[in-house]
Amino acid sequence: MKYILVTGGVISGVGKGVISSSFDAGTFSPYEHGEVYVLDDGGEVDLDLGNYERFLDVTLHRDNNITTGKIYQLVIDRERRGDYLGKTVQVVPHVTDAIQEWVEKVAQIPVSRSGKAPEVCIIELGGTIGDIESMAFVEAFRQFQFRVKRENFCVAHVSLIPQPRSTGEHKTKPTQSSVRELRGLGLSPDIIVCRSEKPIDQSVKDKISNFCHVAPDQVICIPDLSSIYKVPIFMETHGIVEYLNDRLKLGINPMPPARKFMKQWIELSDKIENLRNEVNIALIGKYTRLEDSYTSITKALQHAANSLGYKVNIKFIDSSKLEKAMLSEDPVVYHEAWHELCKTDGIVVPGGFGRRGVEGKIEACRWCRENNKPFLGICLGFQTAVIEFARNILKLENANTAECDEMVEHPVIIDMPEHNPGQLGGTMRLGKRTTVFKESASLSKIKRLYGKVSSIEERHRHRYEVNPKYIKDIEDAGLKFVGVDKDAERMEIFELENHPYYVAVQFHPEYLSRPMAPSPPFVGLILAAKDKLKSYLARGCKLSPREHSDYDETDEEDEDCSYDKENVKTHESDSSSAYSSSGVL
């Protein structure tokens, strides 16, 4: 097994996650940590594992997320069982040994569709070198490099090269300091990845090489690129594959040409670069102050739009600003929020917990239903749409969710038996579960978007469900539950009759969306937003020849898949910014 340890210096959020991917936690507050990402096995983890799954098209497991809490719990359990024979439990060797053993165990777990054991394990060390929180991990990996031998262990250090406006000059001192600190802790970087807003001169690169004690070809300078999908291509053109093949003795000989193994990335990045059309989508959320709270939905919208030839513009709208109470509290904010919503081509109402902002989500659902606006509800968005329908179509004025009002007269949304009200963490319906399409759903838009299959598997994260008592009345009024769980007890998907696209799902389709395999519910939303869904379905879920020619601009014969190393097209306000998010693997 080969191991690549990716560390960060100067600041957190420098882009370690994207760099790691380019080498080919249930009670978290979204405002503090970003979104909680759910894995197939129900693991609730940091959003960075979502980045890895999307970038590498792999399926990770809860044990791929190693945290201090997990390690300490493991050590405590071992001590309680008597594994340490009464000895004093210390950070070294007990905690550090536990970390190393965990890494070695997880590295052997298959993550690809082939089911084969991995050959290379990439480890991202969260935060920045010098953080007290990660000291035990740093010491563990210092020991680990000798445990697995030098030819099996490589360190890549990702650091920021700031460029103060006052001088306009790239500064290398912060990187020199972080590398010096890393060396002082016993780890020497084999590769230094320098992140910057603008391209770095060769003289700066030479200076880093000289003062950080690495060869010039071991310094890779990555400026902000116009797309994060250009990062793997950029790194390949700068010799990263050849270097790792030699450094880790990977035995790839002869080396395949880049145009072969990088073809998909090149075509994807070229397609995104040449998008001519735009689509505007509003995301009506509760945690819109931190856009990382909806990273997976943002990515899923991008995947779907890009695959259809559109650049998606996402407008984040705080659902509480749409509530009638806001009209009296701050009329300007209220009208501005509604004005922004009305200008968009389609609406997404995502998940969330708690009562704040729920009424605003319900109002957004009502507006989409009444005005034939394409709508996709997810998790809580599914539930608020059911509440809105019960209130305004079934005339159950007091309909609500038991989450917001336990004594409500018409609880159309109730908590599930699995939900333990006294404990929030780990009490939900989590992970990948099967949804079965009803036989009556043969003409359903969403079923056809999924390829007319009889069942699908998607990831779930919820505590509440539709009250069976109201299902028949809701369906009789035109809101059809076309997908249910395997026991046909829980409602999973609904679709409104006689509407361009009014679809909601109890699961989270965004978690399984991939750049080259977009999620069907999001594809349907984008198509409906551009008034192309009807023709797309009529052709058997295929684009027309004219649309293909508009969307696929890549010249198949142009297989010179290289980029000019000295003349990289950059964007200053780009999603691959030096300040993008990262976390712990």
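Reader: Which residues does F494 touch, leaving aside residues up to four places away in sequence?

Author: This is a predicted model, and in it F494 touches F382, A385, V386, L479, K480, F481, V482, Y502, V503 and A504. F494 also belongs to the largest nonpolar core, which has 44 residues, and F494 is listed with I284, L341, F481 and Y502 as having the most contacts inside that core.

Reader: Which helix gives the most to this core?

Author: Helix α17, covering residues 380–392, gives the most, with 7 residues. There is also a second, separate core, made of 41 residues, and this second core includes Y294, F437, I493 and Y536.

Reader: How should I read the crossing of two helices, and at what angle do the axes of α13 and α20 cross?

Author: One looks at the approach of the axes, then at the angle, the handedness and the residues that meet. The axes of helix α13 (residues 295–307) and helix α20 (residues 520–529) come within 8 Å and cross at roughly 60 degrees, and α13 and α20 are therefore oblique to each other. Their crossing is right-handed. On the α13 side the residues are I297, A300, L301, A304 and A305, and these meet F522, V523, L525 and I526 in α20; by class, this contact has 9 nonpolar residues, with no polar and no charged ones.

Reader: Where α5 passes α6, is the crossing left-handed or right-handed?

Author: The crossing of α5 and α6 is right-handed, and the axes of α5 and helix α6 (residues 135–148) come within 9 Å, crossing at roughly 65 degrees. Among the residues making this contact are V92, V95, D97, I99 and E101 of α5, together with F137, E139, F141, F144 and R147 of α6. By class, the contact of α5 with α6 has 11 nonpolar, 3 polar and 5 charged residues.

Reader: What should I look for along the backbone itself?

Author: Most residues other than glycine have a negative phi, and most peptide bonds are trans, so a careful reader can look for departures from either pattern. In this model the peptide bond from V92 to P93 is cis, with omega near 20 degrees, and P93 is found in helix α5, which covers residues 91–107. Another cis peptide bond joins N253 and P254, where omega is about 0 degrees; P254 is found in the loop between α10 (240–247) and α11 (258–261).

Reader: And for phi, is C379 positive or negative?

Author: C379 has a positive phi of about 60 degrees, although C379 is not a glycine, and its place is in the loop between β11 (375–378) and α17. K395, likewise not a glycine, has a positive phi of about 65 degrees, and K395 is placed in the loop between α17 and β12 (399–401).

Reader: How far apart are R429 and Y464 in sequence and in space?

Author: R429 and Y464 are 35 residues apart in sequence, and their C-alpha atoms are 8.9 Å apart in space. R429 is found in strand β14, which covers residues 429–437, and R429 counts as buried because its relative accessibility is 4%.

How values were computed:
Residues are numbered from 1 along each chain as its sequence is written. This is a predicted model: local features need pLDDT of at least 70, side-chain atom pairs count only at pLDDT 80 or more; totals for chains, interfaces and linings use all residues. Side-chain values use heavy atoms; hydrogens and water are left out. Axes are lines fitted to C-alpha atoms, for helices over the stretch in contact, and angles run from 0 to 180 degrees between N-to-C directions. Helices (H or I, at least four residues) and strands (E, at least two) are DSSP runs, numbered from the N terminus. Angles under 35 degrees count as roughly parallel, over 145 as roughly antiparallel, 65 to 115 as roughly perpendicular and the rest as oblique. A crossing is left-handed if the near helix is turned anticlockwise from the far one by less than a right angle, and right-handed if clockwise. Contact means heavy atoms within 4.5 Å. Ala, Val, Leu, Ile, Met, Phe, Trp, Tyr, Cys and Pro count as nonpolar, Asp, Glu, Lys and Arg as charged, and the others, Gly among them, as polar. A nonpolar core is a set of buried Ala, Val, Leu, Ile, Met, Phe, Trp, Tyr and Cys residues joined through side-chain atoms within 4.5 Å. Buried means under 20% relative accessible area, exposed over 50%, partly exposed in between (1.4 Å probe, protein chains only).
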